[in-house]
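Please look at the sequence and the structure below before reading on.

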Amino acid sequence: MTLVCSAQQPGHDHDKDGYDRGIVSPVTSVTVRVPAKLNLQLAVGPARDDGYHDLVTVFHAVSLFDEVTVAPADRDSVVVTGEGAGDVPADASNLAARAAAALLRVVGPGAADAPGLAIRIIKRIPVAAGLAGGSANAAATLVGCNELWRTGLRPQDLRELASGIGSDVAFALLGGSAIGTGRGERVTPALASGTFHWVLAFATGGLSTSDVYAACDRIRASRGLTVPEPALDNAIMAALRSGDPAALGPLLSNDLQQAAISLRPELRRALAAGRELGALGAMVSGSGPTCAFLARNLGHAQKLAAALTGAGVCRGVASVAGPVPGACVTADATEQA
Ligand code: ATP
């Protein structure tokens, strides 16, 4: 891995004549907001020898955000509150803690000016829901610690580090709309016009991503299908560029959808209800069990959200928009002199 540090450390003050006054206020905490993702296309190739699958996916970040705050502390801690917090590990196995450890391995333990790191996570992205909440928290922690420790790493350095932590972490750093290849960790920004309005329908309980991939492999094997290498759907890219939800809706595709439905048959009812209620497109998000419905505009999304709630086909709904930016710092607290 090649990681290049910039010479200019963020937070180093220069006065108006350009003289370095050498005044650096210690940052005492950094808060980062990070979005959930949808996959507008998820093409899954055959299982590889290492058990993973090559993917081609079109990522799309939407306005459902978790918030992660990192602060120097005497010892390491992880505190998780909010949606599904009880299902998230509050120890070193948390993806946020693993991201901090990975960054520290690269920059060296001397970069942190305290023996420990306190990580606070406020979850709004449901857990194990196919919305990459854990990866989002890892990305937010990379951005937060990068600022806190003034490492000077560039966005592309963080993206390189991210791909070793989890498949969706690099995209959570980038946000917007992007093409993902490899296991999804190689991301290239994609052009999109305007804003698309979505309704997310949350299910009770989560789905394990590896269980869904295993079900997908079983279904394919039972049908004796030869699985082609995954390929990008250029029509989806054109629809994204056009900003026209009516063009995008019918093109949404997810190779894991059938597998997710095989494990959670009630998702079929939720998808059918959304279509009957006028959604332009309906799909399971990633490995599920969240369903995503594309609306014509904000007003339509709000009506669709209300109607889906009334139909009793899901645990809860959220009206969201995309694309939105990836992990970004929302607050920096500095020690007052
Ligand atoms: P994937 O990104 O694998 O598709 P997902 O989006 O469906 O997963 P996540 O919310 O990322 O689901 O959770 C996947 C698993 O990761 C859960 O079992 C959860 O316990 C674990 N996990 C570890 N750290 C976190 C975290 N900070 N937030 C959410 N889940 C976490």
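The shell around the ligand takes at least three residues from each of domain 1 (29-190) and domain 2 (196-322); these domain bounds come from an automatic or database domain assignment. The model is predicted: local features need pLDDT of at least 70, side-chain atom pairs count only at pLDDT 80 or more, and totals for chains, interfaces and linings use all residues. Residues are numbered from 1 along each chain as its sequence is written.

In total, 21 residues surround the ligand, and the closest are Leu-95, Gly-133, Gly-134, Asn-137 and Thr-209. A residue is near a molecule if its C-beta atom, placed from the backbone, lies within 6 Å of it. The largest share, four residues, belongs to α2. Helices (H or I, at least four residues) and strands (E, at least two) are DSSP runs, numbered from the N terminus.

What classes of residue make up the shell around the ligand? Ten are nonpolar, nine are polar and two are charged. Ala, Val, Leu, Ile, Met, Phe, Trp, Tyr, Cys and Pro count as nonpolar, Asp, Glu, Lys and Arg as charged, and the others, Gly among them, as polar.

Now to the two domains themselves. The centres of domain 1 and domain 2, taken over C-alpha atoms, are 23 Å apart. Their contact involves 31 residues from domain 1 and 35 residues from domain 2, where two residues are in contact if their C-beta atoms, placed from the backbone, lie within 7 Å. On the side of domain 1 that touches domain 2, β1 (27-47), β2 (53-73) and β5 (177-182) each give two or more residues. That side divides into 21 nonpolar, eight polar and two charged residues.
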